[in-house]
Amino acid sequence: YFAVGYFPANQANPTVDLAPRTLLTALRFGNPKDASQKDYATTFTDLLKGVDTTEPPSIYQFPYSDATLLVDPFFPEGFRRGFYGPQTSNITISYLEKITSQFKSWVAGVLRNGDTPNSAVFVLQYMFPGLNGNLPKSNDATGWPHADAGHQTLFSPGYSKASTDELTLRDTAIFNQITHKHQATVGGFIADYPNYISPDSTGRQ
């Protein structure tokens, strides 16, 4: 998945030199019994070629079990956080630029408030088109309307002061507006996934 978050420059020092940065996570599940399976670098050659950076990216390769330990510092105890976001059926460069700009604006507002946005992140979780044929046939087939599904967006703010709540509620709505307006140009209506419903979501959404 793609993420823009308040990340350290080096994952080995998770509390040093924090700033808005882009993180691209790609998982490869190795099969030691399959000698013909491509290694990690070969598997993601085309993906890495398509990453345009202004400075050389940091690339980490480690077992998935270790990855869970690396994310622990991103979730400090006692922080206020949420999980909000609609879905979209197509991702464009201009959409990512708008989302990244809005995330940086929110981080700047949190810092101006004397707060710390540690562990804050905006994530795009890729979904296979049509969930590989596993979507319900109609919106009436399940408890919530999801005969149509797209890529899941997720704004997960992290901060410590109650005085940052108002800023976060406002900016959560802005993130949602960006995604809803984008979706209107690339596809039809997609209902929110229940786990990620935002405070400003309408009944239809």
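## Ile-99 and its neighbours

Let's start with Ile-99: leaving out residues up to four places away in sequence, this residue touches Val-4, Phe-122, Phe-175, Ile-178 and Thr-179, where contact means heavy atoms within 4.5 Å. This is a predicted model, so local features need pLDDT of at least 70 and side-chain atom pairs count only at pLDDT 80 or more, while totals for chains, interfaces and linings use all residues. Residues are numbered from 1 along each chain as its sequence is written, and side-chain values use heavy atoms, with hydrogens and water left out.

Ile-99 is among the residues with the most contacts inside the largest nonpolar core, which has 18 residues. A nonpolar core here is a set of buried Ala, Val, Leu, Ile, Met, Phe, Trp, Tyr and Cys residues joined through side-chain atoms within 4.5 Å. Buried means under 20% relative accessible area, exposed over 50%, and partly exposed in between (1.4 Å probe, protein chains only).

Helices (H or I, at least four residues) and strands (E, at least two) are DSSP runs, numbered from the N terminus. H4 gives the largest share, 6 residues. A second, separate core of 6 residues includes Ala-3, Phe-7, Val-123 and Tyr-196.

## Strand E5 and its partners

E5 is mostly covered, with 4 of its 5 residues buried. E1 and E5 pair antiparallel over 4 bridges; pairing takes at least two DSSP bridges between the strands. Gly-5 sits opposite Val-121 in E5. E5 also runs antiparallel to strand E6 (residues 151–156), joined by 5 bridges.
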